Every structure is written in C-alpha cells, then in structure tokens.
Amino acid sequence: MTILLLAETAGDAIAPATAKALTAAKEIGGPIHVLIVGPGLKGAAEQAAKLAGVEKVLVAEDASLDHVLAETVAALIVSLAGAYDVIIAPSTSATKNVLPRVAALLDVMQVSDIIKVVSADTFERPIYAGNAIQTVRAKDAKKVITVRTTAFAAAPEGEAAPIEAISAPADPGVSAFKSEELAKSERPELTSARIILSGGRALGSAENFQKVLDPVATRLNAAIGASRAAVDAGYAPNDLQVGQTGKAVAPDLYIAAGISGAIQHLAGMKDSKVIVAINKDEEAPIFQVADFGLVADLFTALPELEAELVKIGR
Amino acid sequence: MKILVPVKRVVDYNVKIRVKADGSGVDLANVKMSMNPFDEIAVEEALRLKEAGKATEVIVVTIGPAKADETLRTGLAMGADRGILVKTDETVEPLAVAKILAKIVAEEQPQLVIMGKQAIDDDCNQTGQMLAALLGWGQGAFASKVEMTEGAVDVTREIDGGLQTVSLKLPAVVTTDLRLNEPRYASLPNIIKAKKKEVAVKSPADYGVDISPRLEVLKTTEPAKRKAGVKVGSVVELVGKLKEAGVL
Ligand SMILES: Cc1cc2nc3c(=O)[nH]c(=O)nc-3n(C[C@H](O)[C@H](O)[C@H](O)COP(=O)(O)OP(=O)(O)OC[C@H]3O[C@@H](n4cnc5c(N)ncnc54)[C@H](O)[C@@H]3O)c2cc1C
Ligand SMILES: Cc1cc2nc3c(=O)[nH]c(=O)nc-3n(C[C@H](O)[C@H](O)[C@H](O)COP(=O)(O)OP(=O)(O)OC[C@H]3O[C@@H](n4cnc5c(N)ncnc54)[C@H](O)[C@@H]3O)c2cc1C
C-alpha cells in the first residue's frame with residue numbers, strides 16, 4: 001500500500017497535526033509520501049522531509065493552491081491518486097473541506113475522523129458526539145481517511161527524505177479566494193497546546209472573557225478555548241469553539257471555567273488527560289467528567305488561581 | 001432561482017443515546033428525532049434569500065424512512081415551498097446521499113444547494129463537499145455568511161484561525177456552520193399549512209443510484225468512560241492536586 005498524506009501547514013511550517021496523522025499512516029503501513037500544497041512552503045517541505053517514516057515529499061507551489069481552495073487542491077490530489085492506495089490527512093478545517101471532494105471524485109466513501117487503526121482497512125471512529133465508537137471496514141479499493149489527531153502521538157524526526165516539486169492541473173475555475181481574517185495570537189495553538197483554559201457563557205461578555213481568562217492562560221502558557229455559547233454570544237472567536245462541531249482537543253490539562261458540560265462540549269475535550277471544572281453549580285454535568293472539581297464563582301476563583309500560580313513560580 | 005435544501009432526520013441533540021449491548025448499533029427505538037440542527041440553519045438561510053427576493057422557490061429534500069416525512073414537514077412549516085422524500089429503510093452513506101442529490105439537482109436545476117456541514121448522528125461532515133465534487137461546482141463549506149452577487153455567491157467560511165471568504169460561480173453548494181443565522185420557529189398556522197404542501201415520494205431506484213454501503217460497520221461500542229474525580233475545597237488545594245498529577 002502506498003500512502004499519500006496531505007499535510008496541514010501553518011505559515012511556512014508543518015502543523016503538529018501532520019506528524020500525528022503520519023503516525024496513523026504508519027500504522028496502516030506502506031511507503032508514505034507527504035503532499036504540501038501552496039506557494040512559499042519550502043520550509044514546510046523541509047520539515048516534513050525530516051519526519052521519520054516519510055519516503056518522499058511532494059511540493060506543489062502553484063498560486064491556484066493558495067489558501068487550500070477545495071476545488072483546486074482536490075483536482076491536484078485526484079491527478080496523483082492513481083499511484084496511491086490510501087489518501088489520508090489530519091482532520092482540520094482545511095482537510096474536512098478538501099478530502100470529501102477527493103473521495104467523491106474517486107467514487108470512494110471516506111472514513112472520517114478515525115481514532116484507531118485496527119488493520120489496514122478497519123478503523124474506529126466516534127459517532128453521536130463520541131457517545132458511541134464504531135468499528136468500520138472500508139470496502140473500497142482506495143481509501144480516503146481523515147485522522148482525529150488527539151488520538152495519535154506525533155511521529156518523531158528521522159533521516160531527511162527527498163523533496164520533489166510537482167505542478168497542479170488546470171484550475172477548474174469555479175471558485176476564487178477573496179479575503180481572510182485570521183486572528184493573530186501569541187498563544188499556543190488550540191489543538192496542540194499542552195494546557196487549555198476554556199471559558200463558557202458564564203463569562204458574560206467579550207471583555208470579561210479576555211480580562212478574566214488571559215492572566216491565568218498567560219501564566220500557564222495555555223491556549224484559550226470556548227464553549228459554543230461563548231462563541232455564539234460573541235465573547236470569543238469561532239475558531240476557539242471546542243466540541244462536537246468545533247475542535248477536538250486532548251491536552252494534558254483542560255480547565256473548564258463557567259461551562260456546564262453539555263454532551264456537545266464534552267465530545268471535544270473528554271479525552272484530555274486531566275480535567276478541571278470550575279463552576280458555581282455543584283450539579284453541573286461537567287463535574288461528572290472532571291478529575292478535580294471546584295465549586296466556586298469563577299470571578300473569584302480565577303484571580304485566586306493566578307495569584308497561586310505566581311506563588312509557585314509559574 | 002431555485003434553492004435546494006437537503007435535510008436529515010436525526011436523533012434530537014438533547015437525547016443521550018445508548019449503545020446496544022450486543023454491539024449492533026445505537027438504540028433508536030422510541031427516541032425523539034428532529035431535523036439535524038445544521039439543516040434548520042440551511043432552511044432558514046434559503047428562506048431569507050427568498051424573502052429578500054434573491055430566490056423564487058425553496059425545495060426541501062430528505063433521504064430516509066417514511067417517517068422522514070416529518071422532517072420535510074418541519075422544513076415546509078418553516079416556509080419551504082415543496083418537498084421530495086426519497087424513501088428507503090436502508091443505511092445511506094454520504095457518498096450515496098450525494099449521488100441521489102446530484103440526480104435531483106439535474107432534474108430541478110437549482111442555482112444553489114444549501115445544506116448542513118455535518119449531521120449530528122454520524123458526524124461525517126462529507127455530503128456537501130461530495131455533492132459539489134459530483135456536480136463539478138464550487139463549494140462554500142462551514143459558512144457563517146452568504147451573500148449573493150452577480151452570477152456568484154460570496155461565502156464567508158469558519159476555518160482554523162479565523163474566517164475566509166471565497167467567491168463561487170453559480171451554481172454552487174454551501175454548507176452551514178452554527179453562526180450563519182438563528183433559525184425561526186414554525187408558527188401553528190404554518191405547521192397546519194405545511195401538511196397540505198406538496199411532497200413527491202421517490203425511491204433511490206428512481207434515480208438509478210446504487211446505495212449499497214462501502215463501509216461495513218463491524219460493531220458499535222461504548223467509549224471508555226471517564227469517572228468523576230474529586231471535589232476540591234479551594235484553589236490552593238486544586239493547585240496542589242495539579243502539581244501532584246504532574247500537569248503543572
Ligand atoms: C448542533 C449543535 C452543535 C453544538 N456544538 C457544540 C460544540 O461544538 N461545542 C460546545 O461547547 N457546545 C456545542 N453546542 C451547544 C451545547 O449544547 C451547549 O449549549 C453549550 O455547550 C453551553 O455552553 P456553556 O456551558 O458555556 O453555557 P451554559 O450551559 O449556559 O453553562 C454555563 C455554566 O456556567 C455556570 N456559571 C454561571 N455563572 C458562573 C460563575 N460566576 N462562576 C462559575 N460558574 C458559573 C453555570 O452554573 C453553568 O453551568 C451545540 C449545540 C447544538 C444544538
Ligand atoms: C448502524 C447505522 C444505521 C444507520 N441507519 C440509518 C437510517 O436508518 N436512516 C438514515 O437516514 N441514516 C442511517 N444511518 C446514517 C447513514 O449511514 C449515513 O451515514 C448518513 O445518512 C450520512 O452521513 P452524515 O449524515 O453523517 O453525513 P454528513 O456529511 O455529516 O451530512 C451533512 C449534510 O448532508 C445532508 N444529508 C445527509 N444525509 C442526508 C439524508 N439522508 N437526506 C437528506 N440530506 C442529507 C444534510 O444536509 C446534512 O446536514 C445509519 C448509520 C449507521 C452507522
């Protein structure tokens with residue numbers, strides 16, 4: 001089986017999700033080629049080449065692939081697909097957009113968000129917001145797979161593999177990039193952070209969300225997350241939403257402040273190593289999954305936590 | 001311009017599902033079913049475009065068992081004009097759903113298909129992208145804003161890191177994210193009116209689509225359960241526990 005891994009990049013670098021999906025690809029087994037798409041990604045290609053287990057890196061730098069437009073990137077992958085048995089990618093907003101398009105063009109049913117490789121054609125995946133785990137066997141000859149990266153460790157570095165430049169087929173011409181508003185943050189990225197501090201509806205305003213969470217997050221070098229209620233109310237940007245329909249995360253430490261613990265939220269964070277809940281309602285469902293629960297008003301508990309972290313030198 | 005809105009009947013989002021002990025699946029007997037929440041957002045968006053004079057007709061379509069008629073009626077009560085029920089008791093995977101939808105698109109010739117980004121039961125997040133692929137159309141997945149322009153639609157998409165706006169030539173497929181709009185509730189008179197609206201009943205065979213599954217479900221199990229830990233009495237105690245656990 002030859003495997004094509006569509007890399008997720010962040011600027012001119014490989015996103016941590018890529019090395020995690022690589023681990024899943026290795027468990028499937030076979031030579032692995034990594035595909036990097038978009039202009040100005042030579043640095044990312046070099047990083048990918050250094051990941052242990054990569055046989056070759058393909059780089060397509062055509063301008064039409066910029067911003068990972070589904071229409072052009074899918075056309076590129078389909079043009080390469082003849083040589084591959086498996087097309088795999090970490091599950092990110094970019095690949096969730098692209099891979100089903102590839103799958104349909106190849107007449108393949110995609111296996112979304114795998115959390116375990118049972119064998120080369122059999123995988124486990126969560127359904128119903130993670131309340132059930134399905135074991136599925138993909139019967140199509142070619143397989144198209146996305147990987148829930150919280151379930152796999154990152155592949156280490158190894159010997160450098162060769163890098164080959166390739167070019168994209170003609171742009172299908174049905175879509176064009178217009179603009180982009182990207183939040184600039186100095187904090188660690190949500191899906192790869194070691195510690196996450198998430199805030200819910202209880203924060204009450206965008207101002208509070210920042211004022212109350214920021215100092216603690218800074219002390220902990222934590223990423224900031226949010227519940228859907230906090231995002232819908234405009235307290236936090238959309239890409240911070242953790243949950244069934246937002247991001248799946250599994251940090252070493254997840255602190256939920258003023259979040260009730262709806263199943264849709266739990267779906268995105270219950271695989272975290274240690275969960276802390278701070279909620280003033282002792283009946284809140286979040287306490288059912290929390291290793292450490294603190295029944296308290298977050299507006300006093302979080303400043304106290306910051307002071308305590310200062311004391312222990314964090 | 002016609003808009004086609006595929007809607008799926010799923011277990012209501014408030015229901016905590018139970019996995020069957022024999023591993024054969026999820027117990028759906030006597031469970032409350034509703035329209036997939038993302039599809040309500042899709043219906044709402046289509047209706048707003050119609051109300052703004054940008055569309056002339058909103059058609060809802062569902063693929064599922066006879067009972068999925070209820071889901072269509074929900075869409076019709078919100079204000080959609082007519083429905084199509086593609087009746088089947090079989091499991092229909094996203095690829096097959098997309099193939100059936102592609103055939104319906106060929107018949108109905110909508111300029112826009114608006115659908116949910118994911119169904120909250122199987123969480124596949126595939127069908128819209130697959131439909132766009134089969135039709136060779138542009139796709140605006142995970143939309144938080146949809147704006148019609150001359151012969152095109154501008155879609156603002158929720159992506160990792162923020163928002164991206166793409167311009168798609170019409171016809172196109174849009175899939176909805178949570179922030180696109182807040183769907184309306186159907187009024188009682190509209191619920192009654194919806195009962196009389198036209199629903200065409202079809203079968204997958206009418207469209208010549210082979211729906212045999214490509215994925216074989218070997219078993220369905222419960223996830224590993226997390227057990228509740230301890231309550232701590234103070235922030236100081238919490239920090240102590242976190243240090244002990246080695247995460248600080
Ligand atoms: C289709 C669909 C998809 C969804 N996807 C997601 C998703 O991906 N992610 C997600 O998070 N949700 C999702 N939801 C929403 C989910 O069902 C809940 O509504 C949401 O998670 C609630 O957010 P919350 O916990 O912040 O708010 P609430 O449920 O309102 O909880 C607020 C909590 O704060 C506590 N509180 C209040 N004041 C204080 C205080 N001063 N100090 C301490 N505690 C306080 C309260 O006791 C309460 O427990 C989805 C829903 C649907 C229908
Ligand atoms: C054991 C098992 C039993 C199942 N039984 C049934 C069953 O009895 N009936 C059933 O319908 N499905 C059943 N399914 C689900 C089915 O197999 C597909 O997975 C599902 O229809 C499509 O996946 P999704 O909804 O997660 O796709 P997604 O790609 O997440 O869906 C995105 C969007 O596509 C549209 N869409 C998807 N499916 C339909 C549809 N059927 N009609 C109209 N629009 C749609 C909606 O707009 C939806 O928001 C079963 C699955 C399993 C595993």
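1. Of the 248 residues that make up chain B, 54% count as buried, where buried means under 20% relative accessible area, exposed means over 50%, and partly exposed is anything in between, with a 1.4 Å probe and protein chains only. The model is a predicted one, in which local features need pLDDT of at least 70 and side-chain atom pairs count only at pLDDT 80 or more, whereas totals for chains, interfaces and linings use all residues. Residues are numbered from 1 along each chain as its sequence is written, chains are lettered from A and ligands numbered from 1 in the order in which they are written, and side-chain values use heavy atoms, with hydrogens and water left out.

2. Chain B contains six helices and 13 strands, these being DSSP runs numbered from the N terminus (H or I with at least four residues for helices, E with at least two for strands). Along the principal axes, the C-alpha atoms of chain B fill a box of roughly 65 × 45 × 40 Å.

3. The surroundings of ligand 1 deserve a careful look. Its shell counts 28 residues, of which A:Arg201, A:Ser227, A:Gln241, A:Thr245 and A:Ser260 come nearest; a residue belongs there if one of its heavy atoms lies within 4 Å of the molecule. Because residues from both chain A and chain B surround ligand 1, the site is shared between chains. By class, the shell divides into 11 nonpolar, 12 polar and five charged residues, with Ala, Val, Leu, Ile, Met, Phe, Trp, Tyr, Cys and Pro taken as nonpolar, Asp, Glu, Lys and Arg as charged, and the others, Gly among them, as polar.

4. Which side chains have an N or O atom 2.6 Å or 2.8 Å from an oxygen atom of ligand 1? The side chain of A:Ser260 has one at 2.6 Å, and that of A:Asn279 has one at 2.8 Å, while a polar backbone atom of A:Gly258 lies 3.2 Å from an oxygen atom of the ligand. A polar contact here is a pair of N or O atoms within 3.5 Å; within protein, one must be able to donate a hydrogen and the other to accept it, and residues adjacent in sequence count only if both atoms are side-chain atoms. Taken alone, ligand 1 exposes 990 Å², and the protein buries 85% of that, the areas coming from the Shrake-Rupley method with a 1.4 Å probe and, for residues, only the protein chains shown counting as cover. Helix H6 (228–232), helix H7 (263–269) and helix H8 (298–311) of chain A are the elements that give two or more residues to this shell.

5. For ligand 2, the shell holds 24 residues, and the closest are A:Gln134, B:Lys8, B:Asp39, B:Ile63 and B:Thr91. This site is likewise shared between chains, since residues from chains A and B surround the ligand. Oxygen atoms of ligand 2 lie 2.5 Å from a side-chain N or O atom of B:Asp39, 2.8 Å from a polar backbone atom of B:Ala119 and 2.7 Å from a polar side-chain atom of B:Thr127. On its own the ligand has 900 Å² of accessible area, of which the protein covers 86%. Strand S4 (57–64), helix H3 (94–108) and strand S6 (112–116) of chain B each give two or more residues to the shell, and the largest share, three residues, comes from S4(B). The classes here are 10 nonpolar, nine polar and five charged residues.

6. Most residues other than glycine have a negative phi, and most peptide bonds are trans. The peptide bond from B:Leu170 to B:Pro171 is cis, with omega near -5°, and B:Pro171 is placed in the loop between strand S9 (162–169) and strand S10 (172–176) of chain B. A:His67, in the loop between strand S3 (54–60) and helix H3 (70–80) of chain A, has a positive phi near 65° and is partly exposed at 24% relative accessible area. A:Asp113 also has a positive phi, about 60°; this residue belongs to strand S5 (residues 111–114) of chain A and is buried, at 13%.

7. Helix H1 (residues 16–28) of chain A is mostly covered, with 10 of its 13 residues buried, among them A:Lys20, A:Leu22 and A:Ile28. A:Gly29, which follows the helix, has a positive phi near 95°.

8. The charged end of B:Lys231 sits over the ring of A:Phe287, 4.6 Å from its centre, and that of B:Lys117 sits over the ring of B:Phe142 at 5.8 Å; the criterion is NZ of Lys or CZ of Arg within 6 Å of the ring centre and within 35 degrees of the ring normal.
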